[in-house]
Amino acid sequence: MDFRITKQTIKYQIMKKVLLFILPFLLSASFTFAQSQITGIIKGANGAPVPNATVLIRGTKITTLANDKGEFSISTKQEPPFYLQVSSVGYKAQDFQILKFQDTPLELTLVENAELDEIVVTSRRRSEVLQDVPIAITVIGGQAAENAGAFNVNRLKELVPSVQLYASNARNTTLNIRGLGSTFGLTNDGIDPGVGFYVDGVYQARPAATSTDFLDIEQIEILRGPQGTLFGKNTTAGAFNITTTKPTLVPTAKVELNVGNYNFIQAKTSVSGAVAKNLAAKLAISGTQRDGTIYNTREERRYSGQNNLGFKGALYFTPSDKLQVLLSSDVSIQHPAGYPLVIAGVTATERSAYRQYAKIVSDLGYQQPKIDPFSREINTNTPWKQDQSIGGISLNVDYKIGNGTLTSTTAWRFWNWDPTNDRDFSELSALTKSQGNSRHDQYSQEVRYAGNLTEKLSGVIGVFALAQNLKGLSQTEEVGKDQWRFVQTAATGAQAGYTTPGLLDGFGIKTNSTIKSLSAAIFAQADWEFIEHLHVLPGLRFTYDKKDVDYDRVTYGGLQTTDPALLALKAAVYANQQFNTSTDNNNLSGNITLSYRPTTKLNVYGTFSTAYKPVGVNVGGLPTTSTGEADLSLAVVKPEYVQHYEFGLKTKPVKGAIVNLTAFNTDIKDYQTNVQSPQLGVNRGYLANAEKVNVKGLEVDGSYQLERFLTLNAAVAYLDGKYKKFTNAPLPLEETGHTELVNGVATQVAFKDASGGRLPGISKWNASGGAEFSTPGKVGTRDGRFFIAGDISYRSEYSSNPTPSKVLNVDGYTLVNARIGFKSDKISIFGWSRNIGNTKYFEQLQAAAGNSGLYAGVLGDPRTYGATLRYAF
């Protein structure tokens, strides 16, 4: 057994021991006092008795069931004050404090679980009913996400059609809403995401945050469209607003265990309770492990596995009803067994026959393998590794002033990234190493006031500052003994020098770079009911951004020679490159919304907004000029400017039903895109601007709840994204080597006019739906509900290349998931399966470095299945 497997096993054993250590203490917390009898009756909000409710004395194992009339009697040795927890299926579990014993029966009232149209959100920085908010929002409860197996953001995209997430690893992650937000493909650290990602009010700047497992999630709100006047950071495409459960003074705990095929095991636990007067604490732990789904025949080991460990702790101080202080900290550590890409295909390019992939590998004495990506086999000779740690600490203070709340959120977060990759995707020693080691620190401060200023006027005003320090530490790209044939353009003349033994063996570059950035903003938005039922919502934002870049790339290795001809050949592969640049920009943007709410069943709104994504910088290497120097004109990338129109209709046509419709049109000037380069030293891609982009679409979503027996949901999104003007787009893979007549001379070109072409990553049709049917039942003495549930998602075909390509397109696919089991307030047990049909699909396709015709893909997960056990104390 190798050391890595042993380390993973040790982590798993430690996690099991922690859970087994905590559990007895939670179960044995009982006390010895004189016994007393408590009697009472449990009613619903309408005054009707709630039969067969469970009554538990918190911190003990003492429990009883109410009778058919809602009456109960329970004996205790506990001395007041203590809490009774009362729960029943279909009602919110509630705690009732017992301050003294009394002779008369207690009357305890339970509140039914919120109907679908009563979901409360905080997206406008105050608690509001979802249907009253004039923003396109999808809300997923933490429990619902867990039940659907969505334990990270990547899985949420199956539930929300307008969300796209693509990742070849945690760093190379694209999180988009409606096809906009971040560059598609390989990540360049010099660009800001356009989708805000917030957890408990803290902005998380690096896209790698989306790869971590959720820890004790209460609710996930996904806002679509620009939201810059509500949130601290620019959110040109939307925002994820995630809240976790707060610590409670009443002792609570829950444990969850998931097991499945591929040796999948996931354990979660959280414990909460009082540690002092008005001070509650919580600790949550999550661990996930799974064998890989891709087998390396050369190394005889599996890749694309999971090995995640996460911790979250919090202290919650509530000295009065006006002041709340939350101090929280989290860390997630991931050491997965890599996320390799598989060879997906080979296409002919417009280069000479000498430079086609099949000819190159044949000259190297290598037999091109049979291309079958869905065999889930690779034969790379460099180990794949994507180790990361990510976390931070935050202090959130809420103080009620008048009819509003003054909030201060202070946070520090870090991200450490240590990968290795084999970027020739084969057993050749061509592009053997690609490892972009990174260190990131961010400091943020937000202060805002939100609330009702008068009966007709409410709003939010705030200031925000974010400082980041992102370092690339000895980021390495290295070629091997076979690379000479990939870069050689002919077998004669100066190019014959590439056959010199050892010329490129171990030749590479090490890059150290630093991006220091500052973003500051002041923002405000109001909601004024100037005529009965008619609201106007103006918003304004001023933003200042500054970025300082220090880039230093140095070559190493290869044949040590003084021969000018050989040095020139090496320099054509990699060359030293150093530059410094500083850039800043400011922007005034805003929005205005009209919302008409004549009844509680209808909300019609229209929005016009402008938005802005900051200036970008290139730190992945720059293309070179004809003289071999770095093209500094590409070091800075212009900001994006957005104009957005949206019309929305939120309705509640019948009891238990919601139907919402949104139509939108978004125009972007100077769209920031990641383009491919044939030059190795450019690290396969760099940032550039497309002059004009347009995305328009229509979204329809609905849900229906029939009492407690049936829940339905469905959503459909139509998206149409195009380059309105992109005159300097890079050539697609199959057109590499294209020549055109320039002044009567056949000249090779590197760019084309892609105006009118579609944007990458956008499917025209996206749909999802789900259903759950349940019926009352009992397991042992435990009342609950047996249920069967399923969900389905569909994506039509989409482009997987910055410039539309004939070969780099992902076929449409459908995924079906299901689960069946039993659930109650205390215990749930169910079996599940994801991708039941074992659909074979790619999530992404990309050209291999050097553009010789080879391309690789990120595979979607195969069919998985397992079981979940969840227990709450």
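A residue counts as buried when its relative accessible area is under 20%, as exposed when that area is over 50%, and as partly exposed in between. This cut-off is applied below to a predicted model.

Asp418 has a relative accessibility of 23%, so Asp418 counts as partly exposed. Arg439, with a relative accessible area of 26%, is likewise partly exposed. Asp418 and Arg439 form a salt bridge in which the closest N and O atoms are 3.1 Å apart.

Lys613 and Glu640 meet through their side chains in a salt bridge, at 3.7 Å from N to O. Lys613 lies in strand β34 (residues 602-613), while Glu640 lies in strand β37 (residues 640-651); the pair therefore ties together parts that are 27 residues apart in sequence. Both Lys613 and Glu640 are buried.

Lys722 counts as partly exposed because its relative accessibility is 33%. Asp720, by contrast, has a relative accessibility of 10% and therefore counts as buried. Elsewhere, salt bridges with shared partners join five residues into one network: Arg178, Arg224, Glu646, Glu699 and Asp701. Over the whole structure, the search finds 34 salt bridges.

The largest cavity holds about 730 Å³. Its lining is made up of 42 residues, and those closest to the centre of the cavity are Asn154, Gln306, Tyr339, Glu843 and Asp861. Several elements give two or more residues each to this lining: one is the helix α3 (153-156), and the others are the strands β11 (163-167), β22 (306-317), β26 (385-401), β49 (813-823) and β52 (854-859).

What classes of residue make up the lining of the largest cavity? There are 18 polar residues, 15 nonpolar residues and nine charged residues. In terms of domains, at least three residues of the lining come from domain 2 (120-244), and at least three come from domain 3 (252-872).

Terms used. Residues are numbered from 1 along each chain as its sequence is written. This is a predicted model: local features need pLDDT of at least 70, side-chain atom pairs count only at pLDDT 80 or more; totals for chains, interfaces and linings use all residues. Side-chain values use heavy atoms; hydrogens and water are left out. On a 1 Å grid over the protein atoms alone, a cavity is a set of points where a 1.4 Å probe fits but cannot get out, and a pocket is an open set with protein on both sides within 12 Å along at least five of seven lines; lining residues have an atom within 4 Å of a point. Grid points are joined across faces, edges and corners, and a volume is the space filled by probe spheres set on the points. Helices (H or I, at least four residues) and strands (E, at least two) are DSSP runs, numbered from the N terminus. Ala, Val, Leu, Ile, Met, Phe, Trp, Tyr, Cys and Pro count as nonpolar, Asp, Glu, Lys and Arg as charged, and the others, Gly among them, as polar. Domain bounds come from an automatic or database domain assignment. A salt bridge is a side-chain nitrogen of Lys or Arg within 4 Å of a carboxyl oxygen of Asp or Glu. Buried means under 20% relative accessible area, exposed over 50%, partly exposed in between (1.4 Å probe, protein chains only).
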